[in-house]
Amino acid sequence: MKRSLSVISSAVLAFSLLTSAAYAVESQSTPPVASTAAAVVKTTEDYQDLAQVDSELKAKIDALLALGIMEGKGDTFDLTGSMTRAEAAKVAAKIFKLTVDVQAPSSFKDVDAADEAIAWAIPYIEAAKAKGVIEGVAEDVFSPSEPVTLGQLAAILVRGFGKAADVQTTTPWYDGYLAVAKANGVDLGASGDATATRAELVAGAYAAQQVIENLSKPAKASVKEVKQLGVKTVSVVLDRDVDPAKAKLALTKGTTSLGTSVVWGDDKQSATLTLTDVKLGDADYAVTLGGLDAVDIDQAKGMFHGQAEKVTKLEFAGSGDTIAKSPKVRVEVKPTNQFGETATFSSANYTVYATTANAATVVKAEDGKLYVQLNTTDAALISNTSQISVNIYDNNDHVSATKNFIVGLQPLLTKVELGEAAYKNGKTALSSAGDMVVIPLKQYDQYGAIITKESDSVILPTVSVTPYEAKLKAEVVDDNNDGIDDIVVRADAKLETAGDYTVQVFGAGSTATATIATKATAIAKKVELVQPNDTWAAGDSNKYVELVAYDADGTKLSSDDVAQNAKDGRFTVSVTGNLVTGESGDVPAVMLDSKKLIVTDGPNKGKIYIKKLEGKGTANVFAAIIGVGVNSTAQLNVPITEVRYPAGLRIATNLAGKAVNTADNNGKLQIFDQYGDTFTGFATTQSGNRIDLIENGRSVTYDVYATVTPSADYVGTYSGDLVLAPGTQELTVGQFSDKEFKFTPGGAATNATLAARFQLRKRDFTGGLVGNVLDDSVSAKSMKFQVLDPAREKLKYSLNGARDLFSTMDNELTKNIPAATVPDSSILGISLSLSAKDEAANEVKIPNSIVTVVSDTYSTANLQISGGKVYVLGNKAGLANLTAVYLNAKGETNFIKTAITVKSDPIAVQSISSSTSKTFTRAAVDGALAWVVMGDVAVKDQYGDEFKNANLAIYKDVAPVLYMINDVTEGVHASLSMSAEGVNNQVNVTYDSGVTGGSITMTAVAANGMSATTRVILSN
């Protein structure tokens, strides 16, 4: 079934292509005979065999039924039935909108007009035949009831493409048609005699309709229409659909970008922009389409002139003709603007007069509703007799409303309503002590008016929470100081159960309910230990055992939750064997629980910390949760192997086998131990003493013997982290492992060579003194390169480093940042450099030798040559084709091309990072910059640019970062102040008397809310 579905989808897709190719001229069908009654279009509901079909397939069938492309068979649709040749002719005629002559005679002897079962198909068969789309199986035989084969379908398509001349004679006959169909984008497979079902035809026909629609669309998207819908909403219509996941719409007023939220329509070519901060005014605005490749956009900008909001109607709403006798009565007024929306003006925009002794006021509630507030307690006002008149008008446009009210009795609570529960601090449930949820409460008096805290109501509401939970406290209180009571429910302590609770408010026979949720604060009920998968060797430091915990529902706790449970003392942990626990310089006490066993902060949060492995053997780790109704234990054994020693050398970066004079050739090796891990140094005991490596009763150590041998005609320089000069050197493990060395030939003769050999050696270490060599080749590695003879080598050059760029010089923010506008140093730019390979595709080191560069559109990119490299900075959005002229190894001039796309999409942060933890003395932190304390704060945008450390301040208008300090330990005081960088990023730290250390958490937050956190450990 899947094979046929894809085949028919492709086939009918091709049918749609024929529509615009072969049949664009004759697109009108013969008009139908006029009827006094509209034809009834059936739907999937009319076919009993479609009752259980999924909704997506039903929607496709309904669309085809509505277009008349397909029909059912009586009371059934017959999805599993086959598609006959007659049906294929009708579908082709319908999809291609062929001219169908209902009087056309049949040209096939087996399609007889007297046969009612097939006569219906004659007009369609003849229409398709007339266009050369379909043929009979013989000169005068059509076989209308035979199922269509894929080979026949391929023939229909190929003829429609006008590609019949490309068909080769094959056996079987349809292979040639299948091959040409595939070459033109329609892969029908290899089984030309296979058939298809009507279900597959549905999928294919529906896909064809989608493609037909696409054929009428422009190749590139343009902004077609922009108009204002409301004071904060703008409608945008494009001339074709786009991918909403990529497309971006930006609203600007002059050069100022305005914050908006964007909602795309189902058609993917219309969208509504809603301003998030300001209203539209009487000014010119622009909407710019971005996010797509420049080649996919035609007209990117649409303009409109905004209207400032004005009130067009005022009316009293909600209340009847009677209001309570009360010190504070609220009468709702509804102001409407020119867009039919509730006007957004503040209460100060209105003036109200009332025939009361006390002046009336206008107030705007938190929900945006506007009220006239009255004091009707004047002794001269007689209940149920006196009337007052209220007039309110808009100060700007003088739209007004007037209404007379009878003064009634003292307000009596008759009805209560509850709004939607809103949890504080972004939570979705109550869980911890201090958590709070607020439910808006509306109280109505006997006249339908809102009761306020000062309305002097006769009856006050009461609230309860069910089922009873002692840790939940509910009260009626004005949470937001708007004069209207709310229901506030607080958690007085950490909650250990999860569930829904009903909040019920009672008031004079009226009740209202709302549901709130509680969440157990990740209480560990079950514990597991995970067997370490790394090697534990005697003398190793900083090892971790993962502790896994689950709550009562079996949900795995996060590392944060495990750490919190550790702080709460829920775990019992013990270790045996040669395991040393406790704080260390790498994991200080502030990062551990009170028992100094479980890490509570940093990248290994929630794990058991082992400071040192003190000897070979088997270690045991035990963990438990023991309490009321809880008894969960876990343990594991960890083998501790022999102490690590150097066992071999491996090449991390090999020298290129060939290099041109003046080109740098870099290399790097690593030492690995007997377990295959990178050897980082000789192990020590807990007291810091080096652990002896004993072999045959003798103490041994290791070093590296390096030999650099240039040929007699080699001339060059030697540099890098490890400088290896000609001759021999004895290097310690620390001096050698993972250190980069660099050889740079300069003036060397062609074919001159340089060889480097490295030998890992074992030496006597009796008494802690390095002695005789016991084994001069525990492991050995050699490297060698040759200075290239340009006359004998043919190199293939590449230009590396091209990527999308931001339109730096065309943006109001970035073009005014001096550092951003210099191509060879701007973070927003890129560098292009040369690389080369020989005919065997081996790397050849070459110097940067670009001498000039040109662009086919200088308005798109700014170019600069420096040090043999090309530096590129984006200007205006578009595509720039660059041609760089360089000197090859022979000194000849040549050129190479690449393309750069410049985009105007605003810079958006994709990631922000910092060190997980850092340790400083208080003196080192006090007065330091936040990015220093956090250890390399780096922000990356969608273009691949990285803003790091000091550059964050330079580019603060492009990629702003805010810093925060929290989780400050007791006795430590930390704050931020403005630094010389002009950013609030200077850290200030003081201690209370007697305090010798502590910790703080520093957070860097990007404009889009992404953040990075560093735990800073402070010592005296």
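Is E56 buried or exposed? Select E56 and have a look: with 56% relative accessibility, E56 counts as exposed, because the cut-off for that class is over 50%. Keep in mind as you go that this is a predicted model.

**Stop one: a pair on a helix.** E56 and K60 form a salt bridge, and their closest N and O atoms are 4.0 Å apart. Both residues belong to helix α2 (residues 55-67), where they sit four residues apart, about one turn of the helix.

**Stop two: E315 and K313.** Select these two next and show their side chains. They meet in a salt bridge, at 3.9 Å from N to O. E315 is partly exposed, having a relative accessible area of 31%. K313 is also partly exposed, at 42% relative accessibility.

**Stop three: a link between loops.** Now pick D479 and K424, whose side chains meet in a salt bridge of 3.4 Å, N to O. D479 is in the loop between β21 (472-477) and β22 (486-491), while K424 is in the loop between β18 (422-423) and β19 (436-444), so this pair ties together parts that are 55 residues apart in sequence. How accessible is each partner? D479 counts as partly exposed at 26% relative accessibility, and K424 counts as partly exposed at 34%.

**Stop four: a network.** Finally, select D534, D540, K543, R644, D673 and D677 together. A network of salt bridges links these residues.

Definitions and conventions. Residues numbered from 1 in each chain as written. Predicted model: local features only at pLDDT ≥ 70, side-chain atom pairs only at ≥ 80, totals over all residues. Heavy atoms only, no water. Helix = DSSP H or I, 4+ residues; strand = E, 2+ residues; numbered from the N terminus. Buried < 20%, exposed > 50% of the residue type's maximum accessible area, 1.4 Å probe, protein only.
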